[in-house]
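Please look over the model first.

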Amino acid sequence: MELKFSRVARKGPVTIVTLARPEVYNALHTDAHYELEAVFDGFAADPEQWVAIVTGEGDKAFCAGNDLKWQAAGGKRGWGRSGFAGLTSRFDCDKPIIAAVNGVAMGGGFEIALACDLIIASENATFALPEPRVGLAALAGGLQRLPRQIGMKRAMGMILTGRHVGAREGHELGFVNEVVPQGEALAAAERWAETIARNSPMSIRASKQAIEKGLAVSLEQAITEQRDYPAVQAMIHSQDYIEGPKAFSEKRPPNWLGR
């Protein structure tokens, strides 16, 4: 597939997706959403790819959100089943996805980051859900994810005011995992991805699925049902389930197959 609005690179089991519309601070329009949906569909289906990173081109913006100028000029609106950037409604991907936020993450851009499992932010990163300032609402997941990730009052404080939050405050609030110097977000995200990839990909997928499914039900139900979750069953019946203990007993690095 020819990519017009993004770039994809692969480093071993890590897929790096770069939003590539720097002329509009990597804001996204309909065609970009559908392109990114196909990109992340490919990542999810590829057994050789275990972790993904999403970042923005340039050093000013991760993603400025919805391309309002495109919308105001009458450009078609909307996205596919997987949501904004092919990520915000992607609830069936058990592989970890990391946001390397290298600048502005506004509106839909912040919603992309919130949809990822980890957020690594450069010191110049800025986060906000400013939709109310332009007569909109953060309906691509921001209104639901932010309260779940930082608590109701803190989220209300950001959402109702539309205020901008820097990387350091984002770390204090709890939605940023690590803050790094400007220009180093992608390198730091790759470091996290490489660390994750040293573990069994089957165990990682089982863990992510168990957390996400478990949070939707009571603690008792989650503990009772977790062994029946598809990714947990896949882990139990995988070669990795045998290889891990064997490698440990033989005092050698495991040879993960990821299946």
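A search of the whole structure finds zero disulfides (pairs of cysteine sulfur atoms within 2.5 Å). This is a predicted model: local features need pLDDT of at least 70, side-chain atom pairs count only at pLDDT 80 or more, and totals for chains, interfaces and linings use all residues. Residues are numbered from 1 along each chain as its sequence is written, and side-chain values use heavy atoms, with hydrogens and water left out.

**Cysteines**
- The sulfur of Cys 63 is too far for a bond, because the closest cysteine sulfur, in Cys 116, is 11 Å away.
- Cys 93 is in no disulfide either; its nearest cysteine sulfur, that of Cys 116, is 10 Å away.
- Cys 63 is buried, at 0% relative accessibility; buried means under 20% relative accessible area, with a 1.4 Å probe and protein chains only.
- Cys 93 is also buried, at 5%.

**Domains**
- The domain assignment, which is automatic or from a database, gives domain 1 (6-197) and domain 2 (200-250).
- Their C-alpha centres lie 27 Å apart.

**Interface of domain 1 and domain 2**
- Nine residues of domain 1 are in contact with seven of domain 2, contact being heavy atoms within 4.5 Å.
- About 710 Å² is buried between the two domains, and carbon and sulfur atoms give 53% of that. This area is the accessible area (1.4 Å probe) that two parts lose on being put together, summed over both.
- One salt bridge crosses the interface. The rule asks for a side-chain nitrogen of Lys or Arg within 4 Å of a carboxyl oxygen of Asp or Glu.
- Asp 117 and Lys 208 meet in a salt bridge through their side chains, at 2.9 Å, N to O.

Conventions. Buried < 20%, exposed > 50% of the residue type's maximum accessible area, 1.4 Å probe, protein only.
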